[in-house]
Every structure is written in C-alpha cells, then in structure tokens.
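Me: I'd like to learn how to read aromatic pairs in a protein model. Can you walk me through it?

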Amino acid sequence: MELFVGAFNVPYIYTLFFDPLLAHLNVTHISNATASHPWISFAPDQKTLYGLSWVPPGVSAYRNQRGADDPFHALEFLNSKPVYRVPGYITSSDSYLYSVGGASGEVFRVESDGTLGDLAQQLDFSIEGRENATAPTGSFSLRNGTHGVELSPEGNTLYVSDLGANGVWTLAVSGADGQSGTVAAQKLYKAPADNEGLRHSKPHPNGKILYVIGEHSNTVDVFSVKKHRNGTVEDVKYLQNASVLPRGINATNYAAATVRISTGPPGFAPKYLFATTRGNNATFKGYVSVFELDSEGRLARTEAIDVWETPTHGGFSHALEPAPWVAAVSSGKPFLQYLALTDEVVGKVRVLTFDGTRIREVAAVTLEIPASDPKAVSKERVRAANAVWLHPVRCTA
C-alpha cells in the first residue's frame with residue numbers, strides 16, 4: 001500500500017510503502033518539489049498529484065509514475081500556477097482544480113495530461129468585516145478565511161469551509177455533460193453555534209449528509225443537504241453535533257483538524273467517522289476520535305466509540321487519511337480500517353488501525369531530509385503535512 005506525504009518546510013514529496021501483513025512502514029522515494037507543499041491532493045484518476053504552496057502562493061502539478069524496474073511510484077514536476085492569497089486546501093475533478101484560501105479562491109482548467117491550464121475563474125468569499133483582513137500573503141488570511149474544499153460525490157457542488165466566517169459555502173458546479181466546471185450561486189450556511197471556526201469537511205457518498213469540523217469548538221457538525229432537481233443546493237440543515245475530545249476536557253486548549261469517513265468494505269456505506277484534534281502547545285496532546293454512523297450517514301450516537309491520545313500535540317498537522325479498503329489480515333477481525341496520521345512536531349507519519357472497537361498505532365516512520373541537501377547537515381526536522389493513499393486499482397504507471 002503506497003502513500004505520498006508533503007511537508008510544510010522542505011521542497012520534497014515522500015513516497016511511503018505500508019505492508020499490512022508485516023505492519024511495517026518505510027520511505028521508498030523522495031521526489032523533488034518546486035516548493036514545500038502543506039497540502040497535497042490526487043486527481044480522480046491518481047495519475048497526477050497536486051500540491052499547494054504558501055511561499056510563493058501557488059499550486060503545482062506532478063505526474064505520478066513508476067519506472068520500468070521500480071516497484072514504487074515517484075513524481076515528475078509538470079507545471080505551477082500562482083494564486084492570489086495563501087491557499088489552504090485544493091481538490092480537483094477530471095477537468096478543473098479548485099483552490100481556496102483567505103477570502104479568495106481559484107478555478108484552474110486541467111489539461112488531458114494533468115498539467116494546470118489557464119485560470120478559469122477567480123472566487124471571492126468576502127464578507128462584511130473581513131474584506132481588509134486577508135492580505136495576499138501571510139498565514140493570517142488562512143486563520144481568518146476559507147480552509148477546506150471538497151467536491152460532492154456527484155461533482156455538482158463545491159463545499160468550502162470558512163473558519164473566519166464560521167460557516168460552510170455551497171457553490172454550484174456547472175459544466176457540459178455533467179463534467180465539473182466553473183462555479184456559481186454560492187451561499188454561506190452558518191455553524192449552529194458562534195465561534196466554532198468551521199475548518200474541514202467531508203460529504204457522505206449518498207450526497208445527503210455533510211460533516212464539518214470546528215477548529216475552535218473541537219466538535220463535528222452533521223448537516224443534511226437538500227438539492228433541487230437540477231442538482232443545486234436548496235438547503236443545508238443542521239442535524240447533530242459531537243465533541244471530538246474526551247469528556248471533561250477544556251476545548252480552548254485544543255484546535256481540531258480533519259474529519260474523514262471509513263472506506264470499506266466495498267459496496268457498503270461508511271460505518272465510521274474519524275476526527276482529529278491538536279493541542280495548542282506541548283502541554284496538551286492531540287486526539288483521534290471515531291464515531292459510529294447509521295445507514296443514512298447520521299451519528300448513531302454522539303459519544304465516541306474510542307478516543308486515542310496522540311504521542312504529541314501534532315503541531316500544524318494531525319491530518320488523517322483513511323487507507324483504501326484492504327481485506328482483513330485476520331479472520332478474527334473482519335473489519336480493520338488503516339489510517340495515516342501525520343505529525344508535524346516530530347516529522348512522523350503514523351499508521352493507525354481501527355477494528356470496530358479500538359484505535360491502535362501499528363507503524364510509524366520519521367521523514368528525513370536527503371543527505372545531499374545542506375539542511376540535512378543542520379539536522380532540521382521535516383515538518384510532515386498531510387498524506388494521500390494510492391488506490392492501486394485506479395492508477396496505472
């Protein structure tokens with residue numbers, strides 16, 4: 001099982017291989033990047049990997065390929081495009097890449113070979129009181145603006161989490177023959193409580209449920225999504241809320257990060273929702289929480305099945321990504337979900353498992369700067385950002 005990991009501080013993207021039978025994780029390749037990439041994301045066919053950069057603000061495209069005699073994948077740089085403000089997240093369809101950050105965003109055309117084409121649309125998420133608070137550069141724009149961006153399963157809605165506006169935007173995606181394209185008819189749906197700081201979202205495969213995590217509240221909000229016949233969003237309605245922290249913990253000492261759902265078994269609706277949080281400093285370690293979902297995608301209970309304390313506070317990352325489904329390694333454990341968790345504090349990538357009852361760490365590896373880089377002499381640590389898994393059945397060399 002292969003995965004790629006970006007970094008906050010070094011211009012490399014790491015290829016890792018995880019063996020579930022041996023519970024072993026190692027780095028197989030280090031690809032040169034044009035800049036450090038705090039967030040990376042695959043194209044739907046996984047033949048191209050996209051990364052965003054803070055300095056300079058931009059997005060880059062890389063070809064995902066494997067040599068004739070190499071069993072592992074590496075990346076080849078294709079091209080880059082500048083963006084207006086520091087980007088927070090990116091996602092893509094077959095024909096467009098979407099980037100958001102602060103009070104703005106971009107839609108770039110994607111060429112048939114995965115390279116980034118012309119800017120198709122500039123997005124504006126300005127709201128009263130924030131227009132002058134998001135400079136073209138600097139992390140303040142991220143803390144006070146748009147963060148996560150996700151496409152709906154049908155590809156006709158773009159969800160943009162807005163930490164500063166404390167809500168989630170819905171944008172209608174246009175295009176011929178159902179292909180994702182430019183966006184319009186955007187609307188902001190506010191969080192059910194003040195100062196939740198909605199940061200990161202994940203739509204359910206049924207298209208009727210949206211999960212959004214609040215960085216400040218350290219809670220997951222569950223929303224129902226109702227759409228018109230033409231596919232545009234008619235309404236987003238709050239349904240449920242659950243804390244991702246253990247009972248009795250003061251949320252002001254933590255900052256929630258990501259929310260994801262389980263990936264298998266194939267043909268079945270997701271059974272579990274995972275969420276992560278970070279400590280505001282080394283005094284407070286982070287957590288990974290897991291919740292049971294019912295057949296419609298709602299929380300079966302608002303109490304977590306398990307809450308796993310992380311070894312560090314996580315720093316900027318604690319980004320979680322469920323692996324593509326693999327058959328259980330033991331007949332006694334019919335369900336076993338693997339998850340990659342990145343740790344910026346110590347530069348580690350951890351592989352966790354959830355067996356339906358408990359979360360455990362089964363493997364970890366520390367990312368290192370190549371010996372040929374002068375930074376390696378100073379022993380600067382790699383600040384791990386986020387991980388994306390390769391789906392072997394969907395990607396060809």
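Predicted model: local features only at pLDDT ≥ 70, side-chain atom pairs only at ≥ 80, totals over all residues.

Me: How many aromatic pairs does a search of the whole structure find?

Reply: The search turns up 13 aromatic pairs. One of them joins Phe 4 and Phe 42, with 5.7 Å from centre to centre and 85° between the planes, an edge-to-face pair.

Me: Where in the chain do Phe 4 and Phe 42 sit?

Reply: In distant parts: Phe 4 belongs to strand S1 (residues 2–7) and Phe 42 to strand S4 (residues 39–42), 38 residues apart. Phe 4 is buried too, at a relative accessible area of 0%.

Me: Why is the pair of Tyr 272 and Phe 354 called edge-to-face?

Reply: Look at the angle: planes over 60 degrees apart count as edge-to-face. For Tyr 272 and Phe 354 the planes are at 80°, so the pair gets that label, and the ring centres are 4.9 Å apart. This pair also links distant parts of the chain, with Tyr 272 in strand S21 (residues 272–279) and Phe 354 in strand S26 (residues 348–354), 82 residues apart.

Me: And are Tyr 272 and Phe 354 buried or exposed?

Reply: Tyr 272 is buried, with a relative accessible area of 9%. Phe 354 is buried as well, at 0% relative accessibility.

Me: Which residues do ring pairs link into a cluster?

Reply: Phe 8, Trp 54 and Phe 316 are linked that way.

Key:
Residues numbered from 1 in each chain as written. Heavy atoms only, no water. Phe/Tyr/Trp six-rings, centres within 6.5 Å; stacked < 30°, edge-to-face > 60°. Helix = DSSP H or I, 4+ residues; strand = E, 2+ residues; numbered from the N terminus. Buried < 20%, exposed > 50% of the residue type's maximum accessible area, 1.4 Å probe, protein only.
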